[in-house]
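Here is a short briefing to read alongside the model. Take a look at the sequence and the structure, and then we will walk through the ligand shell, a helix and the strands.

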Amino acid sequence: MTTAVVTGAAQGVGLTTARLLAQKGHHVVMTDVQSLDAQAAKLAGEGLSVSHLSGDVSSEAFVNDLAAKVAAEQGGADVLVNNAGISLICPAEETSFEQWQRVMSINLAGPFLLSKALGQQMLAKGKGSIVNVASIAGLRGVIHRTAYNASKHGLIGMTRTLAAEWGARGVRVNAVCPGWIKTEMDVADQGSGAYGDADIINRVPMARFAKPEDVAAAIAFLADDGAFVNGVTLPVDGGWTADASWDALRLKTR
Ligand SMILES: NC(=O)c1ccc[n+]([C@@H]2O[C@H](COP(=O)([O-])OP(=O)(O)OC[C@H]3O[C@@H](n4cnc5c(N)ncnc54)[C@H](O)[C@@H]3O)[C@@H](O)[C@H]2O)c1
């Protein structure tokens, strides 16, 4: 049985992805800074093969512990989904260095540490697939999100570089770039009053939010089925990044 490690697996995109990859036949190692007892028990109750370890992806000691567990119990990772991430909505001139560093540590350094530790296992096997969960905020600027957007642009830079560096040794590295998704992250961000549902729905050609299932399906394709797909940044955004129309023009099409 192949092994997939999914970070940020306690809720949202990560939990949905963990379930889908397990349904597709992987043993899934779920990890999150939150407890995973209830989520892992639920998936196991659905007949799926999962294990879990909680910790902070921005801690090198934790990542090394996780990699050691995966090596000892599963013989190494075949798939890594770097999904854990945090949001920060704050004007650039008010963003503290501490806030900046926290976002960079979790959204960018964490995926690097995991790609390094689990990538070594994949390189030793001569095969593997890493999928990084970036954002359309990694492809475009979005006001009041300097640290978040810089972290996601950085994640895309890392994706392309690792794809080039490890492709010849059988390890593919790709990214998905979701638009706004209805998850706890969006609920918290909307709670700050920064935007509302209509702002997003009006901006998206397909006139809706992304669902965790939309993103999980794209992750699963890149993880398992994209045999020669390496170094791509796949928008899962209902056409957002394709569309440079102004809102009134787009709304005329509805
Ligand atoms: N929600 C959106 O609109 C949206 C849009 C584009 C991209 N994304 C990205 O998708 C990914 C998943 O987002 P989501 O919407 O499911 O968010 P979410 O907040 O619902 O889930 C994120 C998960 O990551 C975990 N996490 C946070 N910090 C961690 C850390 N230091 N170590 C380990 N785990 C940690 C959280 O506990 C949580 O379970 C993130 O990388 C996010 O940036 C989200």
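Which helices each supply at least two residues of the shell around the ligand? They are α1 (12-23) and α6 (184-191), where helices (H or I, at least four residues) and strands (E, at least two) are DSSP runs numbered from the N terminus. Please keep in mind that this is a predicted model, in which local features need pLDDT of at least 70, side-chain atom pairs count only at pLDDT 80 or more, and totals for chains, interfaces and linings use all residues. Residues are numbered from 1 along each chain as its sequence is written.

**Around the ligand**
- There are 27 residues around the ligand, and G8, G12, G85, T183 and M185 come nearest; a residue is near if its C-beta atom, placed from the backbone, lies within 6 Å.
- By type, the shell holds 12 nonpolar, 11 polar and 4 charged residues (Ala, Val, Leu, Ile, Met, Phe, Trp, Tyr, Cys and Pro count as nonpolar, Asp, Glu, Lys and Arg as charged, and the others, Gly among them, as polar).

**Helix α1**
- With 12 residues, α1 reaches 17 Å from its first C-alpha to its last, close to the expected 16 Å (1.5 Å times one less than its number of residues).
- Because 11 of the 12 residues of α1 are buried, this helix is largely enclosed by the rest of the structure (buried: 20 or more other C-beta atoms within 10 Å of its own; exposed: 12 or fewer; partly exposed: in between; C-beta atoms are placed from the backbone).
- G25, with a positive phi near 105°, follows α1.

- Strand β4 (residues 79-82) runs parallel to β5, joined by 4 bridges (strands pair if DSSP finds at least two bridges between them), and L80 has I130 as its bridge partner in β5.
- From β4 the chain crosses through helix α4 (residues 97-125) to β5 in a right-handed β-α-β crossover (with the strands pointing away from the viewer, the path from the first strand over the helix to the second runs clockwise).
- Strand β5 (residues 128-133) has 6 of its 6 residues buried, so β5 is largely enclosed by the rest of the structure.
- G128, I130 and N132 point one way from β5, while S129, V131 and V133 point the other way.
- β5 pairs in parallel with strand β6 (residues 171-178) over 6 bridges; β6 provides N174 as the bridge partner of V131 and R172 as that of S129.
- β6 and strand β7 (residues 233-236) are parallel, with 4 bridges, and V176 has L234 as its bridge partner in β7.
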